[in-house]
Amino acid sequence: MRIPPLPLVQTVESIRNLLATAYRRLVPGHVALMELITAGWITQAIHAAAELGIADELTDGPRSNAELAAAVDADADALQRLLRLLISYGIFTKQRDGRYALTPMAEALRRDSPVSLRDAVLLFGSPSHRNHWSYLVEAVRSGEPVPEKLHGMPFFEYLQRDRDFGECYDRAMSSMNAFALEPILAAYDFGRYETIADIAGGEGTLLTEILRRAPRSQGILFDLPDVIASAPDRLAELGLADRCTVESGSFFDSVPKGCDAYLLKHILHDWDEHDAGRILDTVRAAMEPSARLLIIEMVLPEHAGLHPGKFIDLEMLVQVSGRERTEDEYRLLLARHGFTLTRRVPTVSPENILEARVS
Ligand SMILES: C[S@@+](CC[C@H](N)C(=O)[O-])C[C@H]1O[C@@H](n2cnc3c(N)ncnc32)[C@H](O)[C@@H]1O
C-alpha cells in the first residue's frame, strides 16, 4: 500500500479545511447548515450499500443497473437512486456505457479488500448503534452514556450480553484497526521490542501484523474471555501460535507482567479519568522500569477546525464514559499515574503513538 508523505497530507488537509470554512462563510448560514443536517444520511446510504454487498458484486468488473439489481436482490429504480447519491461522493462511478464500477472508496467496502471498512459501516449504520445515538441529547444533558439508561448496564457488558451486536462490534474494531494499520506500522519501529503485550487488543489485528513484520518479537494478546475466545485458532492459521500467547482477564485487575512494550490502542479513550487511571495503574504495576507504554489514539488538536477525533469523542460520550484527549491532557493523565510522556509520533492517519515510560 502506498503511504503518502505526512507533510503533503497535512498541507492538503489544511487547504481542504480552509476551503470548507470559506464556503460556509460565503453562503447564507441556513444553506450551509442544511448541507450538514442531511449529511448523516450518507452514512446510512453507505450502510445500505454494504448490507446489499454492491461493492462485492462489482469486484469482477462493471455491471449494468439491471444486472446489479438482480445480483443484490434490490428494486432497480431504488438502487440507481442509492447509487446516484453515493457516486456524488466518489463512492462508485457510472461509466459512459451506463455501467457501474468501483472507485478506491468503493473498493474499501468490499468484504475481502485488503483494507475493508465494511464491518465498520455495518456497525455504525446498524439499528442498535443508531438507537444509542438517537439519545445523544440525553447524554449531553446528563453527561452519562446511553447504554446504562437504555439497557441498565455499561456498554462493554451489553456487548457480552447481546452477542450479535457484540460480534458486529468486534469485527468493526478489527476493521477500524485495519484502517490505520499501515500508517501506524510505517511510523513506528515495533521490532525493537522483544516482547509486546497488546492490552485489550481485541481480535489481535494490530499485534499479529506487528509480529509478522518483526520476526524476532514475541507477543501476548490480552482481552476479555469472550473477545479472545477464537484468537488461538486465528493465530495458528497465521502461523503465529508459537510467537504469540493469548491471556484473558480484566485490565482493572492485572495484565501480563514483564513485557518490553505495552500497547493500549483505543483503550484510554473508552474511559473517564478515574477508570483510565485505574488501567494505567494496573499496567504500570506489570512494567519493568525499562519497558515502554505505547498509547495509540486520535490525539485531539488544540485548533477549532475539523478533526475525526471530535466525532469519536461524541461516540465515547454516547456509548461509554470515555473521551478523546489532547496531548496535554494525556501528559497530565500519565503524570498522575506515574508515567512520563517521552514522545509523540504522528502518522498519516488521525492516529498518534504516545510513548511513555515509568517516571
Ligand atoms: C475500542 S476496543 C479496542 C480494541 C483494540 N485495541 C483495537 O484498537 O481495535 C476496546 C477493547 O477493550 C476491551 N475491554 C473492555 N473492557 C475490558 C476489561 N475490563 N479488560 C480487558 N479488556 C477490556 C474490549 O473487549 C475491546 O476489545
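**Close-up 1. Met153 in the loop between helices α11 and α12.** In this predicted model, Met153 is placed in the loop that joins α11 (146-151) to α12 (155-161), where helices (H or I, at least four residues) and strands (E, at least two) are DSSP runs numbered from the N terminus. Residues are numbered from 1 along each chain as its sequence is written. Because the model is predicted, local features need pLDDT of at least 70 and side-chain atom pairs count only at pLDDT 80 or more, while totals for chains, interfaces and linings use all residues. Met153 has 13 other C-beta atoms within 10 Å and is therefore partly exposed; a residue is buried if 20 or more other C-beta atoms lie within 10 Å of its own, exposed if 12 or fewer, and partly exposed in between, with C-beta atoms placed from the backbone. Apart from neighbours within four places in sequence, Met153 is in contact with Pro147, Glu148, Tyr158 and Arg161, contact meaning that the C-beta atoms of two residues, placed from the backbone, lie within 7 Å. The C-alpha atom of Met153 is separated by 38 Å from that of Ser217, and these two residues are 64 residues apart along the chain.

Close-up 2. Ser175 lies in helix α13 (residues 163-187), and it counts as buried because it has 21 C-beta neighbours inside 10 Å. Although Ser175 and Ser116 are 59 residues apart along the chain, their C-alpha atoms are separated by 6.3 Å. Gly191 is found in the loop between α13 and β3 (195-199), and with 15 C-beta neighbours inside 10 Å it counts as partly exposed.

**Close-up 3. The packing of helices α13 and α14.** Two packed helices are described by the angle between their axes and the distance between the axes. For α13 and α14 the angle is about 35° and the axes are 9 Å apart, the axes being lines fitted to C-alpha atoms, for helices over the stretch in contact, and the angles running from 0 to 180 degrees between N-to-C directions. On the α13 side the contact involves Ser174, Asn177, Ala178, Leu181 and Leu185, which meet Thr205, Leu206, Glu209 and Arg213 in α14. By class, this contact has four nonpolar, three polar and two charged residues, where Ala, Val, Leu, Ile, Met, Phe, Trp, Tyr, Cys and Pro count as nonpolar, Asp, Glu, Lys and Arg as charged, and the others, Gly among them, as polar.

**Close-up 4. Helices α5 and α6, with Asp73 in the loop between them.** Helix α5 (residues 65-72) packs with helix α6 (residues 76-88) at an angle of about 105°, and their axes are 9 Å apart. The two helices are therefore roughly perpendicular to each other; angles under 35 degrees count as roughly parallel, over 145 as roughly antiparallel, 65 to 115 as roughly perpendicular and the rest as oblique. Asn65, Ala66, Leu68 and Ala69 of α5 make the contact with Ala76, Leu79 and Gln80 of α6. Asp73 has a phi near 60°, a positive value in a residue other than glycine, and it counts as exposed because it has 9 C-beta neighbours inside 10 Å.

**Close-up 5. The surroundings of the ligand, with Ala200 among the closest residues.** The ligand is surrounded by 16 residues, of which the closest are Ala200, Gly202, Ser250, Lys265 and His266; a residue is near a molecule or strand if its C-beta atom, placed from the backbone, lies within 6 Å of it. By class, this shell divides into eight nonpolar, five polar and three charged residues. Ala200 is found in the loop between β3 and α14 (205-213), and it is buried, because 22 other C-beta atoms lie within 10 Å. Although Ala200 is not a glycine, its phi is positive, at about 60°.
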